[in-house]
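Dear colleague,

I am passing on the structure we talked about, and below it you will find my notes on what turned up when I went through it. Please keep the structure open beside the text as you read.

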Amino acid sequence: MRLRDYQEQALEDIRNSFRKGNKRVLLVAPTGSGKTVIASAMIKQSIERGNPCLFVAHRRELVMQCSNKLRDFDVPHGVLMAGKSPNNFARTQVASVQTFNARKDNKYFMKPDAKLIILDEAHRSTSKSFTDLMDEYPDAYVIGLTATPCRADGKGLGHVYEDLIECSNVRRLTDEGHLVPNRVVAPTMPDLEGLAVQAGDYEKRGLNKRMNTPKLVGDLVTHWIKFAEGRPTVIFAVSIAHSKYIQTMFQQNGIPCGHVDGTMDEIDREAALSDLHTGKTKVLANCQVLTEGWDEPKVSCVVLARPTKSYSLYLQMVGRSLRPFENKEDTLIIDHA
C-alpha cells in the first residue's frame, strides 16, 4: 500500500508529537481521507519495531474494516469480537470495545499486550467503555481517529488527548481528486419550532412525530425524482418507523428502495447493502446505521431527512457520498433537514 503525501505527513506529525512527550494524540481527518490506511501503516511500523498494537472500535463494521485493511498491509492479527475465533498470539489485535470490556474480568481471558492503542471514531473517547479500556493500559501510547472532533453533548476531548493533529481537509482532498465536488439543494424545510433539545440534539420522539408524516415523506420522493433520479442514494431517517415509511413510499412510486436499521440481523443487513451495490435497489433508507464505518463509493446522492443540531452527525451523513467512483462527477445532497 502506497501512502498519499498527506497520510505520510500525518504519520510524521504523530511521531513528532510523541517525541515531544505527548502520549495521547487525536488525529482529525475528513471522511474519505483514509484514516484506517494511516492506522494500518502506523501499526505495521510499530510491529516492525517490536511493539504490540491494539486497534479498538465500537461497531462490527469498523472492526472488520480495519481487519481487511491490515490484510492489505500484510499484518498478521487477531480479531477480538463475538463470533470470531481468537488468535491470541498475534502481536496485533483488532477489538470490539464491547467484547473487550465484557471479557476483561474473566480469569481465562488473555488480555492483549499493547504499547500502541488506536481508537476509531475517537469522539466517543469520553464514553465509559473507551475510558475503561484505556485504564487497562496506563503506559500505552494512544492515537484517536475521527473526522469530527466534537460532540453534541458538549463534552470536550481535552482531558483525554494532549495534542490534536489535522490531516488535510475536504477542500484540499476535493481539489486533489481524492473526493468529489458536492452540490446542495434544499427544496423544503421542516417546521422545527418548539422541539425539545436533549443532549445537544433534537429529542428523537418529538422529532419523529414532526418528520414522519405523509406530506414530508412524499416530498422526499417528489424531490428525489426531480433532482436525483438515477443516482444511487442513501437516505438518513429519524427512526426505524420513519425509515420503513420512506421505503414504502418510494416503492409505491415504482422506485426500488431498501431499508437497514440496527435491529436487523447481519445477513439481512448485508443483503440490503448488496442490493444497493449491485443496483437492484436505487435508494437505501436507514436509521442510525450508515453514519459510521460504511463505504459505498458509487453512492452519489444523500438525502437528509433527519434534522440535527449536531455538526459531527451532519458531517458524518454528508461524508458518505464524497468518495470518487468511476464516471462519478459529483455528489448531490438533498437537504430536507
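Strands β11 and β13 pair in the parallel sense, and four bridges join them. Within that pairing, T233 has V283 of β13 as its bridge partner. Please bear in mind throughout that this is a predicted model.

These two strands belong to an open sheet of six strands, which runs in the order β8-β15-β14-β11-β13-β12 with parallel pairing. At its edges are β8 (182–185) and β12, each of which pairs on one side only. Neighbouring strands of this sheet are turned against each other by 20° on average, with direction ignored.

Helix α8 lies across β8, β11, β13, β14 (301–304) and β15 (331–335), and its direction is at about 150° to β15. Helix α11, residues 311–319, lies across β11, β14 and β15, and runs at about 145° to β14.

Helix α9 deserves a paragraph of its own. It comprises 13 residues, 240–252, and spans 18 Å from its first C-alpha to its last, close to the 18 Å expected at 1.5 Å a residue. Its buried residues are H242, S243, I246, Q247, M249 and F250. They lie on the same side of α9 because they cover an arc of only 165° around the axis. What do the buried residues of α9 pack against? Their partners are α7 (204–211), α8 (214–228), β11 (233–236), β12 (257–261) and β13 (283–287). After α9 comes G254, which has a positive phi, near 80°.

The other sheet is also described as open, and it has seven strands in the order β3-β4-β2-β5-β6-β1-β7, with parallel pairing. Here the edge strands are β3 (78–80) and β7 (163–166), each pairing on one side only. From one strand to the next, the twist averages 20°. Within this sheet, β1 (residues 24–28) and β6 (residues 141–146) pair in the parallel sense over five bridges, and L26 stands opposite G144 in β6.

This sheet, too, has helices lying across it. Helix α1, residues 5–19, lies across β1, β6 and β7 and runs at about 160° to β1. Helix α2, residues 35–48, lies across β1, β2 (53–57), β4 (92–96), β5 (116–119) and β6, and it runs at about 160° to β2.

Finally, some values for the protein as a whole. It contains eleven helices and 15 strands, and its C-alpha atoms fill a box of roughly 60 × 45 × 35 Å along the principal axes. The radius of gyration is 21 Å, which agrees with the value near 20 Å that a compact globule of 337 residues would have. Buried residues account for 55% of the 337 residues. Of the contacts between residues at least 6 apart in sequence, 75% join residues that are at least 24 apart.

Conventions. Residues are numbered from 1 along each chain as its sequence is written. This is a predicted model: local features need pLDDT of at least 70, side-chain atom pairs count only at pLDDT 80 or more; totals for chains, interfaces and linings use all residues. Side-chain values use heavy atoms; hydrogens and water are left out. Two strands pair if DSSP finds at least two bridges between them. Axes are lines fitted to C-alpha atoms, for helices over the stretch in contact, and angles run from 0 to 180 degrees between N-to-C directions. Contact means heavy atoms within 4.5 Å. The expected span of a helix is 1.5 Å times one less than its number of residues. Buried means under 20% relative accessible area, exposed over 50%, partly exposed in between (1.4 Å probe, protein chains only). The arc is that of the directions from the helix axis to the C-beta atoms. The radius of gyration is taken over C-alpha atoms; the globule rule is 2.2 Å times the number of residues to the power 0.38.
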